[in-house]
Amino acid sequence: MKLGGDRETAGMRLSFSRHCVALIWSKRARARIFNESPQGCACIALRCRFMSLNPVQPPPTQDHKGIFTRLPFSEVTDKDLTFFKDLIPGRVVTDEDDLKSHNIDWLRTVRGHSKLLLRPKNTEEVSNILKYCNDRNLAVTPQGGNTGLVGGSVPVFDEIIISTALMDKVISFDQVSGSLVCQCGCILESLNQYLEGQGYIMPLDLGAKGSCHIGGNIATNAGGLRLLRYGSLRGTVLGLEAVLPNGTVLNCLNSLRKDNTGYDLKQLFIGSEGTLGLITAISILCPRKPSSVNVALLGCESFSKVLQVFTLCRDLLGEILSAFEFQDLESMNVVQTHLKLMNPLQESPFYILIETAGSSVQHDEEKLNVFLAKALESGLVNSGTVATDQSKIKVMEICI
Ligand SMILES: Cc1cc2nc3c(=O)[nH]c(=O)nc-3n(C[C@H](O)[C@H](O)[C@H](O)COP(=O)(O)OP(=O)(O)OC[C@H]3O[C@@H](n4cnc5c(N)ncnc54)[C@H](O)[C@@H]3O)c2cc1C
């Protein structure tokens, strides 16, 4: 895949990441509120509208002198536009206003100035686009939900943006094995909702779920809340299909879990951030939806005690432990101030959120009670509250 410049230098990445760390907590919490309430869609729409109207824009990325140099790629001509309009009629975007939100990243830290966005619907169209761009020496940037936090989803210069938003079809779902095959532009939350209706869930969950695409998740090797329980995408992705920069379609869309044949090419694309090709379809192993979920929020005096609580959790909760997250008092204060949420516990230097997910309400509650009694008795935690009710669970999860 051709990139417009040497954007992904280690130094740049590091500075982006550092810049983002403080924001991730609060934005993730905010995204959960947006996503999980009936008003969620309206809130997201409002935020997008605000972003597109907000006059404050990051400076053009190309102006970061000395960091980026435009490589000798061609510029888009009228002849190119005619080709794309014939190939995907009605899905070629050149209007400056429509392009604005695609040229700016989620954190509003970088800004490209692409003049062209293409919206293919299937693998063949992606293949034809990439073959043409390769032959014409035109640079491109694949874009999913544009929720990435390191500036990789927007152009640096005038690269053509290839949006996967219209590649949003579920191809198949196997009720027995739990393997889902879908196009790359399916929104994570929509996939989860589709699966819940069939007694399954997606193996990953993250704050950006209402906007991010599964292709983008794989391209960034996203982790998220369920990683502790279901592992990383390197284990749950069973196969994928990708289009290489010259238009060749690489079909590794396997759904066989126990496949030990030859090289595992799909692994190269997991975390490749669009540098090797455009992921067009995926096959992913989905777990059964747990019938019993408990969440505990605990207060803790020190970081070393947080670590000891984690060890105790693994010992006493074992297979039902599904999430373990912590935050410090400063982060809790940010949540309280900006989200106007009440901290359900007394003030503590650290807070821990533990989630269990299993198949038996009674068994899981018993295990959790034994763990909580031990953690309190031994002085590892100083306060706590437990929720089994979905609405209370959501409030506690928003806090962390
Ligand atoms: C509120 C919030 C919470 C988050 N929480 C987490 C978290 O808990 N854990 C975590 O790991 N990350 C988290 N993230 C970051 C996360 O990596 C991204 O949000 C998500 O995975 C990116 O998906 P996307 O569809 O938005 O991709 P984009 O942002 O559009 O793109 C990301 C990168 O992937 C490339 N790309 C996109 N689609 C494709 C494709 N089909 N083929 C090839 N390349 C492609 C792009 O060129 C770009 O380099 C969070 C982000 C937000 C905003």
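Domain bounds here come from an automatic or database domain assignment. The model is predicted: local features need pLDDT of at least 70, side-chain atom pairs count only at pLDDT 80 or more, and totals for chains, interfaces and linings use all residues. Residues are numbered from 1 along each chain as its sequence is written.

**View 1. The ligand sits between two domains.** Domain 1 (10-163) and domain 2 (170-285) both give residues to the shell around the ligand, so it lies between them. A residue counts as near if its C-beta atom, placed from the backbone, lies within 6 Å of the molecule. Of the 34 residues around the ligand, Gly144, Gly148, Gly152, Gly215 and Gly216 come nearest. Two or more residues each come from α1 (10-36), β3 (140-143), α7 (214-220) and β9 (278-285); helices (H or I, at least four residues) and strands (E, at least two) are DSSP runs, numbered from the N terminus.

**View 2. What the ligand shell is made of.** Look for α7, which gives the largest share of the shell, 5 residues. By class, the shell has 12 nonpolar, 19 polar and 3 charged residues. Here Ala, Val, Leu, Ile, Met, Phe, Trp, Tyr, Cys and Pro count as nonpolar, Asp, Glu, Lys and Arg as charged, and the others, Gly among them, as polar.

**View 3. Helix α3 against helix α5.** The axes of α3 (residues 78-87) and α5 (residues 123-136) come within 11 Å and cross at roughly 165°. Axes are lines fitted to C-alpha atoms, for helices over the stretch in contact, and angles run from 0 to 180 degrees between N-to-C directions. That crossing makes α3 roughly antiparallel to α5 (an angle over 145 degrees). Asp80, Phe83 and Leu87 of α3 meet Glu125, Asn128, Ile129, Tyr132 and Arg136 of α5, where contact means C-beta atoms, placed from the backbone, within 7 Å.

**View 4. Helix α11 against helix α13.** Helices α11 (residues 303-316) and α13 (residues 361-377) pack at about 145°, their axes 10 Å apart. Val309, Leu312, Cys313 and Leu316 in α11 meet Lys367, Val370, Phe371, Lys374 and Ala375 in α13.

Terms used. Angles under 35 degrees count as roughly parallel, over 145 as roughly antiparallel, 65 to 115 as roughly perpendicular and the rest as oblique. Two residues are in contact if their C-beta atoms, placed from the backbone, lie within 7 Å.
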